[in-house]
Amino acid sequence: EWCRAAGLEEVKWPPLKGIGRASEKLMRSYAADVSRLLDVVRAAVVFDHADELANFLDIVLSDPDVEIVLVKNRLCADYSSIYSCGYRDVHLNLKMQSTRAFQ
């Protein structure tokens with residue numbers, strides 16, 4: 001719905017995080033606290049222009065069924081892209097709180 005509202009068409013849906021990778025992350029990074037495991041279900045939205053990204057973020061942030069858990073803004077001037085081989089993005093971890101999200 002957010003993409004339609006923003007007039008965007010390109011959404012990439014990678015597979016669910018695998019059991020092996022999820023288990024590794026739980027043990028190595030989260031002391032087996034499963035409540036801290038994020039990004040099991042993932043999607044990527046591709047933008048051609050920064051104003052499209054800004055519009056999309058406004059739409060997502062105004063959704064009452066969404067809780068923002070984490071934002072990684074790799075477009076920020078303070079972020080050094082040396083560590084990501086020049087790659088830049090905005091990464092959001094969202095918690096969906098609607099009945100429809102659980103279906």
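**Cysteines, then the core**

Guide: Cys85 is exposed, its relative accessible area being 81% (exposed means over 50%, buried under 20%, and partly exposed in between, with a 1.4 Å probe and protein chains only). Before going on, note that this is a predicted model, where local features need pLDDT of at least 70 and side-chain atom pairs count only at pLDDT 80 or more, while totals for chains, interfaces and linings use all residues. Residues are numbered from 1 along each chain as its sequence is written, and side-chain values use heavy atoms, leaving out hydrogens and water.

Cys76 counts as partly exposed, at 30% relative accessibility. With a disulfide taken as a pair of cysteine sulfur atoms within 2.5 Å, the count is zero. For Cys76, the nearest cysteine sulfur is that of Cys85, 19 Å away.

Now to the largest nonpolar core, made of six residues: Trp2, Ala6, Phe56, Ile59, Val60 and Val66. Such a core is a set of buried Ala, Val, Leu, Ile, Met, Phe, Trp, Tyr and Cys residues joined through side-chain atoms within 4.5 Å. Helix 1 (2-6) and helix 3 (50-61) each give two or more residues to this core, and helix 3 supplies the largest share, three residues. Here helices are DSSP runs of H or I, at least four residues long, numbered from the N terminus.

Val60 lies in helix 3 and is buried, at 1% relative accessible area. Beyond its neighbours within four places in sequence, Val60 is in contact (heavy atoms within 4.5 Å) with Trp2, Val66 and Leu94. Ala6, leaving out residues up to four places away, touches Asn55, Phe56 and Ile59.
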